[in-house]
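Visitor: Please take me through one part of this model in detail. I would like a close look at the charged side chains and how they pair.

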Amino acid sequence: RDVDNVYLTDERINELYKYDLSDRPAWEKVRDVFVVGCLTGQRISDYKRINAKMIVTLTDGNRYIKLKQEKTGNTVYIPLDYRVDDILNKYNGELPKVYDQKEEQHGAMEYTARKRFCDLLKTHTARRSFATNMYKTGASLNSIMAITGHSSEQQLKTYLKLDESEKAMLAAKESYFTKLRAIK
């Protein structure tokens with residue numbers, strides 16, 4: 001598969017979050033930072049900076065991560081997922097420092113190589129996973145953009161990586177199809 005079309009489902013993110021890596025502490029730290037990326041929808045430059053001091057409670061009584069994005073300077077409020085909270089607590093409110101991933105460059109040459117799914121995961125996969133999973137639950141593009149900081153729907157749509165069966169299942173939830181089932 002093309003690496004730009006890979007994302008992790010909510011189920012896979014949860015599996016990754018629960019996977020015991022206590023015997024490999026370096027891997028555990030990288031995993032934890034990546035999971036935070038999958039659950040916040042931010043760029044690597046932003047999600048690796050998330051810390052407990054950014055957590056605020058808004059007037060709705062819910063907790064959010066208030067983050068000023070480096071690239072755009074926009075401030076976004078990200079609903080605090082319990083797993084992000086657990087990870088922050090695990091590291092006393094500060095995510096561990098991990099090295100940025102070096103992306104492979106292959107110039108203009110085309111090549112085909114079979115890779116394991118785990119080898120297709122890149123730091124940006126986290127952001128793509130968040131946007132796609134939020135969209136699959138029926139969130140509007142505007143709601144997703146409010147968290148990811150994308151400036152246009154067109155830009156955001158490049159992150160939504162659904163295969164044909166997932167698109168069909170989303171379409172089946174639309175009122176047109178639910179109305180047809182109710183008539184039956």
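Guide: What follows starts with the whole chain, moves to the salt bridges, and ends at the sheet. The model is predicted.

The protein chain holds 10 helices and three strands. Along the sequence the pattern runs α-α-α-β-β-β-α-α-α-α-α-α-α. Of the 184 residues, 39% are buried. The accessible surface is about 11900 Å², and carbon and sulfur atoms contribute 51% of that. Take the contacts with a separation of 6 or more: 58% of them join residues 24 or more positions apart.

Now the charges. Side chains of opposite charge can pair when their charged atoms come close. Across the whole structure, a search finds 10 salt bridges.

Start in helix H2, residues 25-40. Glutamate 28 and arginine 31 both sit there, three residues apart, or about one turn of the helix. They form a salt bridge, with 3.7 Å between the closest N and O atoms. Both residues are buried.

Arginine 31 has another partner. Its side chain meets that of aspartate 32 in a salt bridge, at 2.7 Å from N to O. How is the burial of this pair assigned? Buried means under 20% relative accessible area. Arginine 31 has 6%, so it counts as buried. Aspartate 32 has 2% relative accessibility, so it is buried as well.

Next, arginine 49 and aspartate 46. Their salt bridge has its closest N and O atoms 2.8 Å apart. Here the two ends fall into separate classes. Aspartate 46 is buried, because its relative accessible area is 0%. Arginine 49 has 28%, so it is partly exposed.

Back to the residues around arginine 31. Salt bridges with shared partners link Glu28, Arg31, Asp32 and Lys90 into one network.

The strands complete the picture. They make an open sheet of three strands, in the order E1-E2-E3, with antiparallel pairing. The edges are strand E1 (55-57) and strand E3 (75-79), each pairing on one side only. Neighbouring strands of the sheet are turned by 40 degrees against each other on average, direction ignored. Strand E2 covers residues 63-68 and pairs with E3 in the antiparallel sense over five bridges. Tyrosine 64 has its bridge partner in E3, at proline 79.

To recap the charged part: glutamate 28 bridges to arginine 31, arginine 31 bridges to aspartate 32, and Lys90 belongs to the network with these residues.

Methods
Residues numbered from 1 in each chain as written. Predicted model: local features only at pLDDT ≥ 70, side-chain atom pairs only at ≥ 80, totals over all residues. Heavy atoms only, no water. Pairing = 2+ DSSP bridges. Helix = DSSP H or I, 4+ residues; strand = E, 2+ residues; numbered from the N terminus. Axes fitted to C-alpha atoms, helices over the stretch in contact; angles between N-to-C directions. Buried < 20%, exposed > 50% of the residue type's maximum accessible area, 1.4 Å probe, protein only. Contact = heavy atoms within 4.5 Å. Areas by Shrake-Rupley, 256 points an atom, 1.4 Å probe, with all protein chains shown as cover. Salt bridge = Lys/Arg side-chain N within 4 Å of Asp/Glu carboxyl O.
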